[in-house]
Amino acid sequence: MKKKQVILKKEVLLFLGILSYFFPMGPIFLLLIDIALPVLGIIIVGFAFGKHFRNFDLGILSKMAFYLFAPIMTMQVVRTNPLDWLQLARLGIVFVILKILLACAILLANILPWLHIKDKKILLLLTLFTNCGYYGFPIVLLAFGEAGLAIAVQYVFFFNLMTATAGVYLASSKPLPFKDALKQVLRLPLLTAFFVGMLLQIIGNVFPFFNQFKGISLIYSMMEMLYKASIPFLLLALGVELSKVPIKLHLADSFKIAFYRLLYAPAIALVLFYFFPVLKGLVAQVVILETAMPTAFNAMFLARELDGDYEKAASSVLVTTFFSVLSIPVFLYLLQLFQF
């Protein structure tokens, strides 16, 4: 009996091996194991930590992530990777065009009864705004390395500008004056970190001896250490925040949002860049992958602060984050298949 079981197991393994060779789920499964699951594992640890210590004030973790680790990562990546100004300008133009096209495509699909969401502002907020920082940075780093992360940081620069302008408008129950919207822009630490990193890079290039000063080299060493700790910390903070999401889930609308966010939007970006290669190579791959990320936490925070539909936003963040573990490897495989 045991001998038959061993033979049966060998036949099953052989069948799965042949299947993985001819069917794309093989490489997709490997991408899931190598990239998506390690990221999800750290998020789950943070989620469990937040649930276990829910009676304690864990808000300090979010503040450290928002005001310390994410800005340090941005500053360090921008400082140490030479900026291609032409590429940055092209990335900004493509970013705006892509978001406008996605908004039009989402509103068009929203006409269909099985995809319809009544509140168009919350629909656009939860589908156009992706978690391309806390969640996107680790995925891009694992998938494309430091070069991909440098492009992702540039992408997030434009994303933060959109968050503080269009995001504030879509999240608020009432129109926000321009002056208040400008204050939201200036309060974003990632924008400041981007400009400081750019300034430090320029100073280091113009005055090479600047980086040799003992105090400066000490600061840069501290930044490097914080940068290396930033990825796991950001994922842990994301898990802790997910643990505080209200239990009441708007599942019907959240699954619709998940379709728009995880499948529909990145598929449009994939097709667009394939037939209109305005961006090529690694830049195109990073932008498409960032488009495949789950709903941004900023969307949830903005909805809460500006009296928007916080419960629906929180529910969508939770659902899209966990389903993205299955969808992101698919798009990583497609990026390899189409060879941008």
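Me: Hi! Is Leu31 buried or exposed?
Reply: Leu31 is buried: this is a predicted model, and in it the residue has a relative accessible area of 11%. That counts as buried because the cut-off is under 20%.

Me: Thanks. Which helix does Leu31 lie in?
Reply: Leu31 lies in helix 2, which covers residues 25-52.

Me: And what is Leu31 in contact with, leaving aside its neighbours within four places in sequence?
Reply: Leu31 is then in contact with Ala36, Pro329, Leu332, Tyr333 and Gln336.

Me: What about contacts in the chain as a whole, how much comes from residues 24 or more positions apart?
Reply: Taking the contacts with a separation of 6 or more, 85% are between residues 24 or more positions apart.

Me: Let's step back. How many helices and strands are there?
Reply: The protein chain has 13 helices and zero strands.

Me: Over to Ser316 then. Where does it lie, and is it buried or exposed?
Reply: Ser316 lies in helix 13, residues 310-338. Ser316 is buried, with a relative accessible area of 0%.

Me: Which residues is Ser316 in contact with, beyond four places in sequence?
Reply: Ser316 is in contact with Leu126, Ser254, Ile257 and Thr295.

Me: Now the nonpolar core. How many residues has the largest one?
Reply: The largest nonpolar core has 96 residues. Those with the most contacts inside it include Phe129, Tyr135, Leu279 and Met300. Helix 6, residues 136-171, supplies the largest share of this core, with 16 residues.

Me: You named Met300. What does Met300 touch?
Reply: Not counting residues up to four places away in sequence, Met300 touches Val245, Tyr310, Ala313, Ala314 and Val317.

Me: New topic: how many cavities of 30 Å³ or more turn up?
Reply: A search of the whole structure finds one. About 220 Å³ of space lies in the largest cavity.

Me: What lines the largest cavity?
Reply: The lining has 18 residues, and Gly133, Tyr134, Asn160, Leu190 and Asn298 lie nearest the centre. Helix 3, helix 6, helix 8 and helix 12 are the elements that give two or more residues to this lining. Helix 6 gives the most, with four residues.

Me: And the second largest pocket, how much space lies there?
Reply: About 170 Å³. Of the 13 residues that line this pocket, Lys99, Ile100, Ala103, Leu128 and Met162 are the closest to its centre. Helix 4 provides the largest share of the lining, seven residues.

Me: Last one, helix 9. Where is the kink?
Reply: The kink in helix 9 lies at Ser230, shortly before the proline Pro232, and is about 45°.

Me: What span should helix 9 have, and what do its ends give?
Reply: Helix 9 has 30 residues (214-243), so at 1.5 Å a residue it should span 44 Å. Its end C-alpha atoms are 43 Å apart, which agrees.

Note on methods
Residues numbered from 1 in each chain as written. Predicted model: local features only at pLDDT ≥ 70, side-chain atom pairs only at ≥ 80, totals over all residues. Heavy atoms only, no water. Expected span 1.5 Å × (residues − 1). Bend = angle between axes of the 7 residues up to and from the residue. Core = buried A, V, L, I, M, F, W, Y, C linked by side-chain atoms within 4.5 Å. Buried < 20%, exposed > 50% of the residue type's maximum accessible area, 1.4 Å probe, protein only. Contact = heavy atoms within 4.5 Å. 1 Å grid on protein atoms, 1.4 Å probe; cavity = no way out; pocket = protein on both sides within 12 Å on 5 of 7 lines; lining within 4 Å. Points joined across faces, edges and corners; volume = space filled by probe spheres on them.
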